[in-house]
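Good morning, colleagues. Please have the sequence and the model open while I speak.

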Amino acid sequence: FYRLNYDYLGRYLLEFNGRFYLSSKFPHNKRLGIFPSGSFAWRISEEPFFQSLKSVMDNLKFRVSYGTLGNQNVGPYDYIAKMKVTQGDYLMDSSYMSYLTTPDAISSNFTWEKSQTIDFGVDFSLFNGRFSTSFDWYQRDTKDMLTQGKKLPSVFGTSEPQENAANLRTRGFELSVKWQDKFLLAHQPFEYKVGFTLADNVTEITKFDNPDGQIDQFYVGKRLGEIWGYTVEGFFQDDMEYLKHADQTKVNRRIQRNYLINHPIAGDIKFKDLDGNGEISPGDQTLANPGDLRIIGNTSPRYTCSLNLGFNYYGFDFSTFFQGVLKRNWWPGKDNSFFWGPFTRQYENFYPKSIEQNSWTPENPNAYFPRLAVYAANEGGNYEGAQLRVYSDKYLQNAAYVRLKDITLGYTLPKALCSKIGFSSIRVYISGTNLLTFSPLYKHNEDRTVDPEQLGDGNSYPFSKTFAFGFDFKF
């Protein structure tokens, strides 16, 4: 590796870095990875012509950087065709026989995945450092992404090999703003500070060999995290309404299997026939023919933010920290009984208590959930199966949130009092964590059994509210 720095009068800052790697995880002729980077910054506030503005803007710096990184996160021998040893079911000489299986396919296109990032930034501060801001815009291109290759016909006999099969691009920004100041309040200095951060990025595929546009694979233009699903019109309000609607067998099979009913009945979900062919289906699952599927949301978190507030006054100190995600979609998943309750399995030992009152009945025809039916969210594939297992816009959740992560209030006793009892400093404080959470997710999760910061399948231990009271003694 190498590094070169150059600083001219504190105005022009230049740096070059580079690394050379040889990885044993790739074939002998594809092990070398060369990853250079460089950055340049211009502190324009140090230029002679800027001095007249220093009384207002005390620092202004422009930055640009470019760099590459390599990824070798694959198995140690993935480039070699390996025959697996499997234990059979037959005994010979008092032991089970072992046999070798046909090796999986490997690709000759197997080397470093490379990430190239360009970043433009600006830093400035005003009013003797009381107000400061840092902003970055970046673009990251991941070339030769190590992933499953082009979909092969079933007659090929094995799964597609991992190879350098795709490119993707991420564009985003990061913003940080801070204000800190002090003034006299009742002849005592009051110091306070406010800090805010905001960041966002979007990632999409820019190269992948998917000529048919299969939506269950990468395709050019696909945004990572996108969710394809059906559109919900409402509920069937009587047992015969299905006769006037498109066939829903492919999105309602669990009812047919479980209850010996060969058609939707009152309280079942009514999906919209977007392509007008008289059947609710995923079509060919291609961009050209997605059937009744549409992009209904995205699981990637957008607009992550944080807010810091604090002050010091007359021995009191206060600080608080908020964090959040302002845009994110989430699908609860087939086994999440903390959200679906009895719609998953009837023998679960925990149900949100509001599920029953929010489920369809003839007296509650505009409920959020369909009629109560076990396994409605559990069985079937992503696009064909139980009616709550099918991705749809009605049950796609808005998982944005803002949370009060920490709040602390303290008081430091006067030094004169502390010295009388043999201490240099005594501080008493009370603090709390995770005390408040604001999220539209709770609109349909009234019992707050799902945490918007954790999500998943509901099996993680939940965040807990914590209160603490303590003393700090210094001798």
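Predicted model: local features only at pLDDT ≥ 70, side-chain atom pairs only at ≥ 80, totals over all residues.

Among contacts in the chain between residues at least 6 apart in sequence, where contact means heavy atoms within 4.5 Å, 65% join residues at least 24 apart. Residues are numbered from 1 along each chain as its sequence is written, and side-chain values use heavy atoms, with hydrogens and water left out.

As for confidence, pLDDT is the predictor's confidence in each residue, from 0 to 100. The chain has a mean pLDDT of 91, and 97% of its residues reach 70 or more.

Let me turn to the overall form. The chain has three helices and 21 strands; helices (H or I, at least four residues) and strands (E, at least two) are DSSP runs, numbered from the N terminus. The radius of gyration is 30 Å, well over the 23 Å that the globule rule gives for 475 residues, so the chain is more spread out than a compact globule. That radius is taken over C-alpha atoms, and the globule rule is 2.2 Å times the number of residues to the power 0.38. Along the principal axes, the C-alpha atoms fill a box of roughly 80 × 70 × 60 Å. Of the 475 residues, 38% count as buried; buried means under 20% relative accessible area, exposed over 50%, and partly exposed in between, with a 1.4 Å probe and protein chains only.

Which residues have the most contacts inside the largest nonpolar core? They are Phe271, Trp340, Phe343, Phe369, Leu388 and Tyr395, in a core of 34 residues. At least two residues of this core come from each of β11 (226-229), β12 (232-235), β13 (269-271) and α2 (337-340). Apart from it lies another core, of seven residues, including Phe26, Phe35, Phe110 and Trp112. A nonpolar core here is a set of buried Ala, Val, Leu, Ile, Met, Phe, Trp, Tyr and Cys residues joined through side-chain atoms within 4.5 Å. Within the chain, Trp340 is in contact with Trp331, Pro332, Gly333, Ile355, Phe369, Ala377, Leu388 and Tyr395, leaving aside neighbours within four places in sequence.

Asn164 lies in strand β9 and is buried, with a relative accessible area of 6%. Its side chain reaches the backbone oxygen of Asp144 at 2.8 Å. This is a polar contact, that is, a pair of N or O atoms within 3.5 Å; within protein, one must be able to donate a hydrogen and the other to accept it, and residues adjacent in sequence count only if both atoms are side-chain atoms. Not counting residues up to four places away in sequence, Asn164 also touches Phe110 and Trp112, among others.

Asp451 is found in the loop between β20 (425-438) and β21 (466-474), and it counts as buried at 12% relative accessibility. A polar contact of 2.8 Å joins its side chain to that of Arg403.

Thr117 sits in strand β7 (residues 113-126). Its side chain makes a polar contact with the side chain of Arg140, at 3.3 Å. Thr117 and Tyr138 are 21 residues apart in sequence, yet 6.9 Å apart in space, C-alpha to C-alpha.

Finally, backbone angles. Most residues other than glycine have a negative phi. Where do positive values occur here? Ala186 has a phi near 55°; it lies in the loop between β9 (162-185) and β10 (188-208) and counts as exposed, at 60% relative accessibility. Tyr303 has a positive phi of about 55°, but it is found in strand β15 (residues 302-313) and is partly exposed, with a relative accessible area of 30%. Leu9 takes a positive phi near 55° in the hairpin of β1 and β2, which has three residues between the strands. Those strands, β1 (residues 2-8) and β2 (residues 12-22), pair in the antiparallel sense over seven bridges, where two strands pair if DSSP finds at least two bridges between them. Tyr8 stands opposite Tyr12 in β2.
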